[in-house]
Amino acid sequence: MGTTDWTQLWLNYHRVYEGDGAWNIALEGFSDTDVVISNAICEFRKAIELLTGEQVSDSPEAGKKALTLKIAKVASISAEGYSIKGSTNGIDLSASDANGVLYGVFAILRLIACGKRADEVAETASPSNPLRMMNHWDNMDGSIERGYSGNSFFFENEEIIINDRTRDYARFMASIGINGIVINNVNVKGAASYLITDRYFDKVKELSDIFEGYGIKLYMSLNFASPIEIGGMDTCDPLDRSVISWWEKKIKEVYDNLPHLGGFLVKADSEGRPGPFTYGRTQADGANMLADVIAPYGGIIIWRCFVYNCTQDWRDTKTDRARAGYDYFKDLDGAYHDNVILQIKNGPMDFQIREPVSPLLGGLTKTNQMLEVQAAQEYTGHQIDLCYLIPLFKEVLDFHTHCNEEKDTVADIVSGRTMGNNLGGMSAVINTGNDMNWTGDDLAAANTYGFGRLSFNTELTAEEIAREWIAQTLNLPKKEEDILCSMLLRSREIYERYTSPLGIGWMVTPNGHYGPSVDGYEYSRWGTYHRADHLGIGVDRTDRGTGYAQQYYPENAKLYNDPNTCPEELLLFFHHIPYTWKLKTGKTLIQHIYDSHFQGEEEARGLAADWDSLKDAVPEEVYKRVKERFDLQLDNAREWRDQVNSYFYRKCGIPDEKGRTIY
Ligand code: GCW
């Protein structure tokens, strides 16, 4: 494999054992004229030689054991699923479609890279979710909103970039089961509005074809105000006949040029983005108009529920940003057309290190839903601080909404199992960029990898995913793998300890969202955050306060409404609690704040020390890059510890029982 000036991430095929075979490929029911099949075979050919020294050849060297990768079409296997079984004769791979073959080949390679011999591989799987998507917040000028890994590898100077790196990116995404990619920022501005015009059709088509070769559909974020911004009209009212006919003409033109386009992602009436509210229309009016126009082409509209009043007055104690998504979208449940999916952030606020699960997930019972999470570490350390987010994603997926007797978890809902619908899934705001290691911090690639694997198989544990990622990326001996795996699994709660407590987020520098600023957002138009006073901290979201807790089904509403039953990690999200309140540990709340911040900073130092212990086990350049970030993380943890502890000590005057220095 030629060297490139970017890493191969988890497709970093390393020698696992010296094989004695020579491989041939046998196809039954599939043809390598299908580009997906051809790419799958090409991947196997390249990887098996690196992994075992064995070659794929029609004329095997003498003395080599003949091995066959038999790829057979079996109609009974679910869509995009596969069944693989190794034996002394080679490997049998069965699938019912080309994506299943591709995912089956990557599964074979993953199992071998993780230590199996070819004759030992065995796995049967089909995707947990119909849609498994990455959302790029990439801008046409090459910048990335909330991007911490360099610039966009899709866009530069308002042009679309297509090169070998593009193909590698498609390979990486296919290897983790991603089947949909939104290439541009949901804040569609300037040139991005023209992605649906002949200014960009050729390049978008070229990009779409590369994705198609890896079983991935290309999607674009759409400017709801396109009729105005590129159509020269004076309205984008979704019920205006002239607007509808503009979209009918435009979408026909788009699909004439981009026949395989998956559809559009839409952020409307949110943070200054245009939308149906401007014309007194509902979110369903907006989504359904676009959905009807795109339906003849098999396209879908993914409509984001991140709608809230971002000009609210912080003094208004009844307006609660956490309520907004449910308040705006619950009443329209069932009003959306079949090719609309509502994309819902995991929490009611905005990708904080800890939030309750959005009550809209499962609150909607007659509408297609997708879960949106953020792999980009906007509020969780900017890919400087280590924060393995898969445990957070798992918590959300496993959350019981009580929307249904037996299939009521978020994983059930977004997979379609709860409602029996076939449009749903998971999206991640991706954390990649054109840094040579793709993700800023090499260890942040565990989040990219983990989201993909989890969206394909929601039963995987955070530890299983971590170990898979480590084995394929760094191929460490067991002892060192255990150390790195433990670091990943501890990192989310360590970050939470020095930046929270107990469900309070947002004490972060405004706009940049890295580093502490306890009151940075507290008196802003963006919402209600910690409401700390000299007696206590937290927001009363019970039926005596903002009433947010009542947006959940009764079982959860009751649990959250009472501070004695509310899960302690969310206590201050739902309640205003006195500093002298005794937690389950027997500690007062204020002592917990002091202890958790001292502990968090100590544990961050523990992460850095663990990484130092791996110095001789990982490539030198990887060690150095990650070490630099741990040095920064330690500064950050200390800053958080001291600013948060000092803030609350000065607020309440209650000293630290352990007499530690608080400024
Ligand atoms: O978290 C906020 C971010 C914005 C982002 C917005 C959204 C793309 O600060 O940068 O805009 O959420 O999710 O739309």
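User: What does F277 count as at 33% relative accessibility?
Analyst: This is a predicted model, in which local features need pLDDT of at least 70 and side-chain atom pairs count only at pLDDT 80 or more, while totals for chains, interfaces and linings use all residues. Residues are numbered from 1 along each chain as its sequence is written, and side-chain values use heavy atoms, with hydrogens and water left out. Buried means under 20% relative accessible area, exposed over 50%, and partly exposed in between (1.4 Å probe, protein chains only). With its relative accessibility of 33%, F277 therefore counts as partly exposed.

User: Which arrangement do the rings of F153 and W438 have?
Analyst: The two ring centres are 5.3 Å apart. Their planes meet at 70°, so the pair is edge-to-face.

User: How many residues apart are F153 and W438?
Analyst: Helices (H or I, at least four residues) and strands (E, at least two) are DSSP runs, numbered from the N terminus. F153 lies in the loop between β7 (131-135) and β8 (155-156), and W438 in the loop between β16 (425-429) and α11 (445-456). The pair links distant parts of the chain, and its residues are apart by 285.

User: Are F153 and W438 buried or exposed?
Analyst: The two partners share one class. F153 and W438 are both buried.

User: What is the angle between the planes of F277 and Y328?
Analyst: F277 and Y328 form an aromatic pair with 5.4 Å from centre to centre. The pair is tilted, and the angle between its planes is 40°.

User: In which helix does Y328 lie, while its partner F277 lies in a loop?
Analyst: F277 belongs to the loop between β12 (263-266) and α7 (283-294). The pair ties together parts that are 51 residues apart in sequence, because Y328 belongs to helix α8 (residues 324-329).

User: Which residue lies over the face of Y308?
Analyst: A charge sits over a ring if NZ of Lys or CZ of Arg is within 6 Å of the ring centre and within 35 degrees of the ring normal. R117 is placed in this way over Y17, at 4.1 Å from the ring centre. Over the face of Y308, at 3.9 Å from the ring centre, lies R321.

User: How far does a polar side-chain atom of E378 lie from an oxygen atom of the ligand?
Analyst: A polar contact is a pair of N or O atoms within 3.5 Å; within protein, one must be able to donate a hydrogen and the other to accept it, and residues adjacent in sequence count only if both atoms are side-chain atoms. A polar side-chain atom of R146 lies 2.8 Å from a ligand oxygen, and one of N187 lies 3.0 Å from a ligand oxygen. For E378, the distance is 2.7 Å.

User: Which backbone oxygen does the side chain of S524 reach?
Analyst: S524 lies in the loop between α13 (478-499) and β17 (536-537). At 12% relative accessibility, S524 counts as buried. Its side chain reaches, at 2.9 Å, the backbone oxygen of Y521.

Conventions. Phe/Tyr/Trp six-rings, centres within 6.5 Å; stacked < 30°, edge-to-face > 60°.
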